[in-house]
Amino acid sequence: MADPTVTVNEMKIREVDFNPEFISRMIPRIEWKALYEAALSLDVVGNLSPELITDYEKDEDFLKEAHRVLMEVEVIKGFLICPESGRKFPIENGIPNMLLNEGEVGDGPAQSEALQEDDSMQ
Amino acid sequence: MTSITRMLHTINASFGDIEGKLVGDLGCGCGILTIGAAMLEAGCCVGFDIDEDALSIALENMDEFEIENVDFVNVDLSGDIDYISKWKNNFDTVIMNPPFGTKKNKGIDMTFLKIALDLARTSVYSLHKTSTRDHIQRKSKEWGIKMETVAELRFNLPASYKFHKQKSVDIEVDLLRFSFHEKKNQSGAASSIGR
């Protein structure tokens, strides 16, 4: 197994109404591999399929597992780990803290370009 | 509070942009809009804010209203563009009450708006001072975005900074709806917030 992308000290399973059409529409917006790896890290894989199956829209079991992992598994306390930098982002009370520290802000061109455009009303 | 409820009802009833949708709230604060959208049967709502104290209150509100399909993220939307760009073209709808901007923070409402337009597939609903409507209209045209004024509201804001001279002030606020001329394709529209 690859290095964990999320670690957990406290987890909760919440009950959320299953909406198959909604889940079905969300699946193309997700990096399925990343989701599966997170589920592995949290040991909540269950019957979650490691890969997207064809015609998942019609497969209720598949959708129910996707729903369970996406909507019902909640990390209350733990860390998100960036697979590129290894940087740990703490999760407290179920909320990930993505705030960067002084030295981390400003990745170069992207940041300064966006902030230089002045569309404010003068 | 009632204007917020009416606002959300209008968004849902007139445009169908809440029920069963993935909704984002930029600068969600105590989660009033995020939770409100969830109460109107949104599929899932995600609120983003820089203030962890406000987010603590948002969690309490979630408990009080027994809402489960809402998540919050503590992030600086004006500072860190890398993180939020991961959500590009992910939300069906963005509904927000962005910061209006102070002397030190000019143009932050437009920063939030640009990010919102990148994140949303169908529409962005945003509150802006009526006095800025023409300016925003011009910007929308420039960006190739459709803008309509859905409602005119009046907020009474208490003084919150030392340099505020009045005890409270009434400001006229527009609920604006932004949408796209063409349906966004998988990778999103041409406008980008960074790379």
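In the predicted model, helix H3 of chain B, formed by residues 52-64, lies across strands E2 and E3 of chain B. The helix runs at about 170 degrees to E3(B).

E2 and E3 belong to an open sheet of seven strands in chain B. The strand order is E3-E2-E1-E4-E5-E7-E6, and the pairing is mixed. Strand E3 (70-74) lies at one edge of this sheet and strand E6 (145-158) at the other, each of them pairing on one side only. From one strand to the next, the twist averages 20 degrees. In general, the strands of a sheet pair through backbone hydrogen bonds, in either a parallel or an antiparallel manner.

Rolling a probe the size of a water molecule over the atoms shows where empty space is left. One cavity of 30 Å³ or more was counted. The largest cavity has a volume of about 40 Å³. Its lining draws on both chains: chain A is represented by A:Glu74, A:Asn93, A:Gly94 and A:Ile95, and chain B by B:Leu59, B:Met62, B:Val70, B:Asp71 and B:Phe72. The elements that give two or more residues to this lining are H3 and E3 of chain B. E3(B) gives the most, with three residues.

From the N terminus on, its elements follow the order β-α-α-α-β-β-β-α. Chain A has 122 residues, of which 39% count as buried. Its accessible surface comes to about 7,600 Å², and carbon and sulfur atoms account for 49% of that area. Contacts within chain A were also considered by sequence separation. Among those between residues at least 6 apart in sequence, 56% join residues at least 24 apart.

Notes:
Residues are numbered from 1 along each chain as its sequence is written. Chains are lettered from A and ligands numbered from 1 in the order in which they are written. This is a predicted model: local features need pLDDT of at least 70, side-chain atom pairs count only at pLDDT 80 or more; totals for chains, interfaces and linings use all residues. Side-chain values use heavy atoms; hydrogens and water are left out. Two strands pair if DSSP finds at least two bridges between them. Helices (H or I, at least four residues) and strands (E, at least two) are DSSP runs, numbered from the N terminus. Axes are lines fitted to C-alpha atoms, for helices over the stretch in contact, and angles run from 0 to 180 degrees between N-to-C directions. Contact means heavy atoms within 4.5 Å. Buried means under 20% relative accessible area, exposed over 50%, partly exposed in between (1.4 Å probe, protein chains only). Accessible areas come from the Shrake-Rupley method with a 1.4 Å probe; for residues, only the protein chains shown count as cover. On a 1 Å grid over the protein atoms alone, a cavity is a set of points where a 1.4 Å probe fits but cannot get out, and a pocket is an open set with protein on both sides within 12 Å along at least five of seven lines; lining residues have an atom within 4 Å of a point. Grid points are joined across faces, edges and corners, and a volume is the space filled by probe spheres set on the points.
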